[in-house]
Amino acid sequence: MEKIQEFKKYLNTPRKAVLLTHFKPDADALGSALGLAQYLKKKGHAAQVITPSDYPDFISWMPGNKDVLIFQKDKPEKATRFINDADVIFCLDFSCLNRINELGDLVRKSTGKKVLVDHHLEPDKFADFEQWDGTAASTAELVFKLIDELGDKTLIDGEIAECLYAGIVTDTGGFRHSNTTHQVLKIASELVEHGADPYKVSKLIYDTNTIERLRLMGFVLSEKLKVLPEYRTAYVALTADELRRFGSQTGDTEGLVNYGLSIKGIRLSVLISDRKENIKLSLRSLGNFSVNDMAKAHFDGGGHRNAAGGQTSLTLDQTVAKFLSILPLYKDQLNNE
Ligand code: 5GP
Ligand code: MN
């Protein structure tokens, strides 16, 4: 089923589809899954979106959100049944099965066809059909292209368009990151033509802060942000206690890492936070410096050249020490590029 024509033929018969996002989905992962699910339903398929974990309030407004199954929160047996019964499993915005935790094993064992729609670097090879492009700014764009290549662009209605537009807005940092190309703006423009409202989407994503989240931001900027000029690096380490003190909810730290990168001369910014499950790292860089390489080599993670994530099972202090100890390895790169 490598070719789009074969995939198209496969979808001529009504199928039971499951759509999966990565752990702690962002707007790109969730928007891609919800947008594609609505398209599949319009085509007469059954489509169930399943997320491995919960996700922030500021993306819960998306059309179709109420039907999402959250594996950790809702009954895992239900999600397991959907995956075991699926004819086809779509993996959206991730391409390493270890990013969906225990769901990864279920996908590996499933006899259903696997479809990968993603833009992360170095994908695992497990899919029967791939819509993968490491140069795409977002997975949502690739969902748009997939629907287009299936000959169904006219089926993109306002709700589908809104979900996909949300993915593009967030993964381009509001059309500000270096991945904002002509092609991205063209697809975004088409989505607006199909009914997405840029003002509404941006308001819902960016202007629905809680006061606690703003106070956490203020605390981080005034007391936690460290700058290491010799490495052109900024970083923040947040303890579990600090996160608790500000009543931190899923998604409250999203975007914080970008402030470090907004300092003149800084090329690398890292947010290290003590989560219940593990220590989570968010890495961002400018230019040629690859945080994908850094996350892969030292923090069991990956992502894109300028935005990546990772984790450790060390303590927060040990993780910070490890991060500081590897910086000298990158000193030349950070200063030369
Ligand atoms: P964030 O810092 O916002 O969690 O993630 C930044 C980018 O890296 C996103 O595209 C995200 O999907 C990706 N990413 C985050 N954590 C991981 C990880 O553990 N492995 C891989 N391969 N990508 C990750
Ligand atoms: Mn993405």
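By donors I mean N, O and S atoms within 2.8 Å of the metal (3.2 Å for Na, K and Ca), and since water is not among the atoms, sites may look incomplete. With that in mind, the donors of the manganese ion, ligand 2, follow the spacing D-x64-D-x25-H-x51-D along the chain. This is a predicted model, in which local features need pLDDT of at least 70 and side-chain atom pairs count only at pLDDT 80 or more, while totals for chains, interfaces and linings use all residues. Residues are numbered from 1 along each chain as its sequence is written, chains are lettered from A and ligands numbered from 1 in the order in which they are written, and side-chain values use heavy atoms, with hydrogens and water left out.

The manganese ion is coordinated by Asp28 (OD), Asp93 (OD), His119 (NE2) and Asp171 (OD), at 2.1 to 2.3 Å. Of these, aspartate 93 sits in the loop between β4 (88–92) and α4 (103–109), and histidine 119 in the loop between β5 (113–118) and β6 (129–132), so that the pair, 26 residues apart, links distant parts of the chain; helices (H or I, at least four residues) and strands (E, at least two) are DSSP runs, numbered from the N terminus. Both aspartate 93 and histidine 119 are buried, meaning under 20% relative accessible area, where exposed is over 50% and partly exposed lies in between (1.4 Å probe, protein chains only).

Turning to the sheet, six strands form an open arrangement in the order β3-β2-β1-β4-β5-β6, with parallel pairing, where two strands pair if DSSP finds at least two bridges between them. β4 and β5 pair over five bridges, and isoleucine 89 has lysine 114 in β5 as its bridge partner.
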